[in-house]
Amino acid sequence: MARIVIACDKFKGSATASEVAEALRLGIADVLGEDAEVTSVPVADGGDGTTDAALSISFERHTCRVNGPFGRPTEAVYAYDPGRGTAVLEVAEACGLGLIPSSEVGTETADGKDASSSGVGELIAHALDKGARRIILGLGGSATTDGGAGMIAGLGARLLTDSGDEVGPGGAGLKELATVDLSGLDSRIAEAEIVIASDVTNPLCGGEGAAAVYGPQKGVASADVPDLDDALSRFAGLVEGELRVGSGSFAETPGAGAAGGLGFASLAVLGGTMESGADLVLDLVGFDRSVDGANLVITGEGRFDAQTLQGKAPARVAQRAREAGVRTVAICGATELSAAQVRDVGIEEMYALTDVEPDVARCLAEPLPLIRRLGRRIASNME
């Protein structure tokens, strides 16, 4: 009997990882019927989909009300396993771009320099209230560029102006920052293990920093980027001074610029450690155990491009499957990569939705029937 492991990431904006896996399973069953044992392991790379991956195993779904990036209350979902004492959180649930109507991004209503990560701090506090001793914080998809200032304020830090008032929200508010007081930070943070899931390597400031690279994607006007970068530098200097570490000790760390600088505050103030998002999720869902004894692994995501090769979930799935001696094929909506490029990471063959449906709009709107057809193709090639 063939033993197949499906370990796909989401097709962003079109299908969740679980939906992709089920469509593939149906296609395989159409051809192999009972002659195949199919195991689904939803994966992600630390961004959206990370919580869903945890919920696919032993984790419980929890919700809490937090302040969104512009102060509007929102219901944030996270995953918690009381047996492990581990919570899995996505910053996008509390301060994500997806919480803002697309028509508002970059307007006076939703100017990226004013977006706050305070909801992330509230989300962390809620997980600590549940008893979490280990928090996996998935960075990605944030609407903020405040260096994590809002997050630590949400956990009890005080960020004050010269006159002793609280600074305004977002990175813009940090221009008036004079004092960082961490004495009121939630004491439970020091007792918890904070794991930061991210594959971003940008520092906090400078030409490759959070403001310059990601600010414009979040509605920050190009003319405002230099001032925002200066504000983040000011914040970092005051935080590092409060911690009594050398200038740049955390701000220049690769990944400090992730999620608009949430990487910086998570490393410096929360004492977090940064890990590859894809590998962390694969470990969490027990990928290596699932692949033991398998004949084939199917991985995939919506689009294969140069970023896929840089440690994203499909590449790490293929590499770890190869280490286990199991062959891997992949599916995607469309690909910019050559057969040689994907073979280099251990993917033997690519199957794209555009191979069976040239209409890209239909691929985006109705991917699941097409994914089922690819499942049939893959199964037929195993016979």
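## A walk through the sheet and its surroundings

Strands β11 and β12 run parallel and are joined by eight bridges. Two strands count as paired when DSSP finds at least two bridges between them. Strands (E, at least two residues) and helices (H or I, at least four residues) are DSSP runs, numbered from the N terminus. From β11 the chain passes through α13 to reach β12, a β-α-β crossover that is right-handed. Right-handed here means that, with the strands pointing away from the viewer, the path from the first strand over the helix to the second runs clockwise.

Before going further, please keep in mind that this is a predicted model, in which local features need pLDDT of at least 70 and side-chain atom pairs count only at pLDDT 80 or more, while totals for chains, interfaces and linings use all residues. Residues are numbered from 1 along each chain as its sequence is written, and side-chain values use heavy atoms, with hydrogens and water left out.

β11 and β12 belong to an open sheet of five strands in the order β2-β1-β11-β12-β13, with parallel pairing. β2 (36-40) and β13 (347-352) stand at the edges with a single partner strand each, so one side of each has no neighbour in the sheet. On average, neighbouring strands of this sheet are turned by 25° against each other, direction ignored. Axes are lines fitted to C-alpha atoms, for helices over the stretch in contact, and angles run from 0 to 180 degrees between N-to-C directions.

Follow β1 next. This strand (residues 2-8) pairs with β2 in the parallel sense over five bridges, and I4 stands opposite V38 in β2. β1 is also joined to β11 by five bridges, again running parallel; there, I6 has I298 of β11 as its bridge partner. Seven of the nine residues of β11 are buried, so this strand is largely enclosed by the rest of the structure. Buried means under 20% relative accessible area, exposed over 50%, and partly exposed in between (1.4 Å probe, protein chains only).

Helix α1 (residues 17-32) lies across β1, β2, β11 (296-304) and β12 (327-335), running at about 155° to β1. Helix α13 (residues 313-323) touches β1, β11, β12 and β13, and its direction makes about 160° with that of β11. Contact means heavy atoms within 4.5 Å.

Elsewhere, there is a hairpin to find. β3 (residues 60-67) and β4 (residues 73-81) run antiparallel, joined by eight bridges, and N67 has P73 in β4 as its bridge partner. Five residues lie between the two strands, and G71 takes a positive phi near 90° in this hairpin.

L182 lies in the loop between β8 (179-181) and α7 (188-191). Is L182 buried or exposed? With 14% relative accessibility, L182 counts as buried. Leaving aside neighbours within four places in sequence, L182 is in contact with I152, A157, E242, L243 and V269. The C-alpha atoms of L182 and E242 are separated by 7.7 Å, although these residues are 60 apart along the chain.

Finally, step back to the whole protein. The protein has 17 helices and 13 strands, and 54% of its 383 residues are buried. Its C-alpha trace spans about 75 × 45 × 35 Å along the principal axes.
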